[in-house]
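Please read it alongside the sequence and coordinates shown below.

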Amino acid sequence: MVPRLLLRAWPRCPAVGPGAPSRRLSAASEPDQYLQRSIVPTMHYQDSLPRLPIPKLEDTIRRYLNALKPLLDDGQFRKTEQFCKSFENGIGKELHKQLVAQDKQNKHTSYISGQGFDRHLFVLRYLAAAKGIILPEFYLDPAYEQINHNVLSTSTLSSPAVNLGGFAPVVSDGFGIGYAVHDNWIGCNVSSYPGRNAREFLQCVEKALEDIFDALEGKSIKS
């Protein structure tokens with residue numbers, strides 16, 4: 001099921017579907033407009049961005065545990081802490097050393113840090129598989145599976161050559177959201193497996209966008 005939501009500079013029209021609801025998106029140059037056209041190409045400064053280092057494994061594990069804590073009860077969390085400690089002081093340490101060594105040999109790449117942890121843990125898992133190492137027990141922890149169960153998966157490819165694209169869900173009870181932001185319209189395709197109501201979700205997306213527009217225009221948000 002793949003319902004579509006388009007917000008264009010068209011007259012208002014009801015319902016959800018191709019060509020449905022509208023709201024003006026300005027691409028004008030006036031300073032009071034909330035969407036403006038940039039004269040600087042999107043990737044103009046890409047080559048001058050600093051190269052980000054791979055974070056320490058202990059920092060990644062700490063972020064991972066912080067993200068898991070609201071999801072687990074005390075017993076589950078203590079068990080996951082044990083998995084993490086064993087991984088950090090065991091095979092994880094060796095895999096991390098190999099990852100850092102590979103990174104030093106590939107200066108054209110960059111690592112995205114911040115509060116994330118998933119890419120770091122994923123690449124260590126991939127590295128273990130590539131080296132023929134038995135999957136570490138850390139990755140068999142139900143908590144790892146739980147936090148990697150991504151109900152919302154989103155992607156975008158905004159280009160004058162692309163009208164609208166799609167993105168599939170990555171879990172059976174999830175939604176795949178392909179969205180685009182152009183000069184005078186924004187829109188998205190939402191896909192799901194039969195067990196999920198993608199059209200109902202899309203109506204919620206429409207309501208959220210309408211609330212944002214109302215807030216930007218200084219109007220009261222409708223309940």
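In this predicted model, Val 151 touches Val 171, Asp 173, Gly 174, Phe 175 and Arg 196, when residues up to four places away in sequence are not counted. Val 151 itself belongs to the loop between H5 and strand S2 (152-156). The points below begin with this residue and then turn to the overall architecture, the helix contacts and the aromatic rings.

- With a relative accessible area of 29%, Val 151 is classed as partly exposed, because the partly exposed class lies between the 20% limit for buried and the 50% limit for exposed.
- One of the residues touched by Val 151 is Val 171; the two are 20 residues apart along the chain, and their C-alpha atoms are separated by 6.6 Å.
- Phe 175, also touched by Val 151, is buried.

**Overall architecture**

- The secondary structure consists of six helices and four strands.
- In sequence order, these elements give the pattern β-α-α-α-α-α-β-β-β-α.
- The protein has 223 residues, of which 35% count as buried.
- Considering contacts between residues at least 6 apart in sequence, 53% join residues at least 24 apart.

**Packing of H1 against H2**

- Helix H1 (residues 57-68) and helix H2 (residues 74-89) have axes that come within 11 Å and cross at roughly 165°.
- H1 and H2 are therefore roughly antiparallel to each other, since angles over 145 degrees fall in that class.
- The crossing in which H1 passes H2 is right-handed.
- On the H1 side, the contact is made by Leu 57, Glu 58, Ile 61, Tyr 64, Leu 65 and Leu 68; on the H2 side, by Phe 77, Thr 80, Glu 81, Cys 84, Phe 87 and Glu 88.
- By class, the residues of the contact of H1 with H2 comprise eight nonpolar, one polar and three charged.

- H1 and H4 pack at an angle of about 115°, and their axes are 9 Å apart.
- The crossing of H1 and H4 is left-handed.
- Leu 57, Thr 60, Ile 61 and Tyr 64 of H1 meet His 120, Leu 121 and Leu 124 of H4.
- The contact of H1 with H4 contains five nonpolar and two polar residues, with no charged residues.
- The axes of helix H3 (residues 91-104) and H4 come within 10 Å, crossing at roughly 95°.
- This angle makes H3 roughly perpendicular to H4.
- From H3, the residues Leu 95, His 96, Gln 98, Leu 99 and Gln 102 meet His 120, Val 123, Leu 124, Leu 127 and Ala 128 of H4.
- The contact of H3 with H4 divides into six nonpolar and four polar residues, again with no charged residues.

**Aromatic pairs**

- A search of the whole structure finds nine aromatic pairs.
- Phe 87 and Phe 138 form a stacked pair, at 4.5 Å centre to centre and with 20° between the planes.
- Phe 87 lies in helix H2 and Phe 138 in the loop between helix H4 (118-130) and helix H5 (142-147), so this pair ties together parts that are 51 residues apart in sequence.
- Phe 87 counts as buried at 2% relative accessibility, and Phe 138 counts as buried at 2% relative accessibility.
- Phe 175 and Phe 201 also form a stacked pair, at 4.5 Å centre to centre and with 15° between the planes.
- This second pair links distant parts of the chain, with Phe 175 in strand S3 (residues 175-181) and Phe 201 in helix H6 (residues 198-216), 26 residues apart.
- Both Phe 175 and Phe 201 are buried.
- Ring pairs link Tyr 64, Phe 87, Phe 117, Phe 138, Tyr 139 and Tyr 144 into a cluster.
- Within that cluster, Tyr 64 and Phe 87 also take part in the contact of H1 with H2.

- The relative accessible area of Leu 202 is 0%, and the residue is buried.
- Leu 202 and Cys 188 are 14 residues apart along the chain, with 8.7 Å between their C-alpha atoms.

Notes:
Residues are numbered from 1 along each chain as its sequence is written. This is a predicted model: local features need pLDDT of at least 70, side-chain atom pairs count only at pLDDT 80 or more; totals for chains, interfaces and linings use all residues. Side-chain values use heavy atoms; hydrogens and water are left out. Axes are lines fitted to C-alpha atoms, for helices over the stretch in contact, and angles run from 0 to 180 degrees between N-to-C directions. Helices (H or I, at least four residues) and strands (E, at least two) are DSSP runs, numbered from the N terminus. Angles under 35 degrees count as roughly parallel, over 145 as roughly antiparallel, 65 to 115 as roughly perpendicular and the rest as oblique. A crossing is left-handed if the near helix is turned anticlockwise from the far one by less than a right angle, and right-handed if clockwise. Contact means heavy atoms within 4.5 Å. Ala, Val, Leu, Ile, Met, Phe, Trp, Tyr, Cys and Pro count as nonpolar, Asp, Glu, Lys and Arg as charged, and the others, Gly among them, as polar. Rings of Phe, Tyr and Trp (its six-membered ring) pair if their centres lie within 6.5 Å; planes under 30 degrees apart count as stacked, over 60 as edge-to-face and the rest as tilted. Buried means under 20% relative accessible area, exposed over 50%, partly exposed in between (1.4 Å probe, protein chains only).
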